[in-house]
Amino acid sequence: MDGLLLDTEDIYTLCNNVILRECNRPDLPWNIKAQLQGRPGPEAGEIFHAWAQLPIPRADYIRKNTELQRKHFPSAQPLPGVPDLLKTLAESGVQLALATSSHTANFKLKTSHLTELFRAFPEPQRVLGDDSRIPPGKGKPAPDIYLLALDTINSGLRKKGKREIKREECLVFEDSVPGVEAGRRAGMRVIWCPHPQLLKEYKGREKEVLAGLGNGGGDVQVKEVMKEAAVGGEGKGRGWPGRRDDGWAELVSSLADFPYSRYGIGGA
């Protein structure tokens with residue numbers, strides 16, 4: 001959601017930079033920002049603080065950051081192409097689910113003024129970062145959040161006596177590198193629509209990211225599956241990332257003018 005549907009990634013950066021400058025620390029660079037995106041708050045916080053080395057107690061940082069977020073999140077706006085994309089998908093009968101690392105309180109701050117936009121996602125098909133159904137330590141880049149999102153869709157289909165959707169029939173939209181990996185490890189196709197600065201950070205490594213290998217093995221829990229995938233793992237629903245140029249992921253610079261027909265979706 002953040003940085004994909006809404007401009008909130010820039011708001012996160014703004015809030016962090018205010019505090020960093022107050023502490024005479026440099027602005028948050030994109031090589032660090034890239035590691036924070038898509039991850040659950042506690043995990044992202046550990047990475048941030050390991051880099052920032054702030055001269056204030058973490059409790060003070062959290063208080064300042066929370067105040068800034070409460071001030072700025074309600075001004076969040078959809079990114080280019082997002083309203084038309086969600087409208088077209090909904091009108092085409094596509095089953096939609098939201099899978100975001102944002103916890104409930106922040107989700108409300110970011111979206112309460114955008115109820116019409118988020119009406120595309122039925123309440124039972126919204127999976128937030130503090131959802132108790134996601135085991136501890138299983139946020140992105142683990143696939144659990146996307147598998148749970150699919151289950152919320154299939155739960156509704158089962159009640160209606162309709163055919164369930166398979167993993168390989170799903171299309172994940174992501175802006176973050178850990179999120180792309182999560183989608184690939186869930187056995188789903190992925191659209192990667194990164195922030196322009198994130199794309200610069202990964203210049204020359206785009207194929208690695210699309211394969212779900214963009215974290216470079218930094219996550220202990222996936223080192224072995226990444227090794228197995230690199231020598232020929234399927235990467236389609238068994239918890240593995242994919243392979244370079246396997247056709248299961250695509251890079252787009254914007255969600256405006258999305259190529260619907262390429263994915264069998266009706267639209268302009």
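**Ground rules.** Since the model is predicted, local features need pLDDT of at least 70 and side-chain atom pairs count only at pLDDT 80 or more, while totals for chains, interfaces and linings use all residues. Numbering starts from 1 along each chain as its sequence is written, and side-chain values use heavy atoms, with hydrogens and water left out.

**Cores.** The core has 25 residues, and Leu5, Phe118 and Leu255 touch the most other members. Two or more residues each come from α5 (82–91) and α7 (115–118); helices are DSSP runs of H or I, at least four residues, and strands are runs of E, at least two, numbered from the N terminus. The largest share, 4 residues, is from α5.

I then checked Leu5 for contacts (heavy atoms within 4.5 Å). Beyond its neighbours within four places in sequence, Leu5 meets Gln77, Pro78, Leu79, Val82, Leu98, Phe118 and Phe121. Another core, of 24 residues, lies apart and includes Trp192 and Leu210.

**Sheet.** I found an open sheet of 3 strands, ordered β3-β4-β5 with parallel pairing; a pair needs at least two DSSP bridges. β3 (171–174) and β5 (249–251) are the edges, each with a single partner strand, so one side of each has no neighbour in the sheet. Between β4 (189–192) and β5 I get 3 bridges, and Trp192 has Leu251 as its bridge partner in β5. Helix α9 (177–185) lies across β3, β4 and β5, at about 165° to β4; axes are lines fitted to C-alpha atoms, for helices over the stretch in contact, with angles from 0 to 180 degrees between N-to-C directions.

**Rings.** I get 8 aromatic pairs, meaning Phe, Tyr or Trp (six-membered ring) centres within 6.5 Å, with planes under 30 degrees apart stacked, over 60 edge-to-face and the rest tilted. Tyr12 and Phe73 sit 5.1 Å apart with planes at 70°, so I log them as edge-to-face. Tyr12 is in α1 (8–22) and Phe73 in the loop between α4 (58–72) and α5, so the pair ties together parts 61 residues apart in sequence. Phe73 is buried, at 0% relative accessible area. Phe48 and Tyr61 are stacked, at 5.2 Å and 25°, and both are buried. I also noted one aromatic cluster of Phe173, Phe258, Tyr260 and Tyr263.

How values were computed. Core = buried A, V, L, I, M, F, W, Y, C linked by side-chain atoms within 4.5 Å. Buried < 20%, exposed > 50% of the residue type's maximum accessible area, 1.4 Å probe, protein only.
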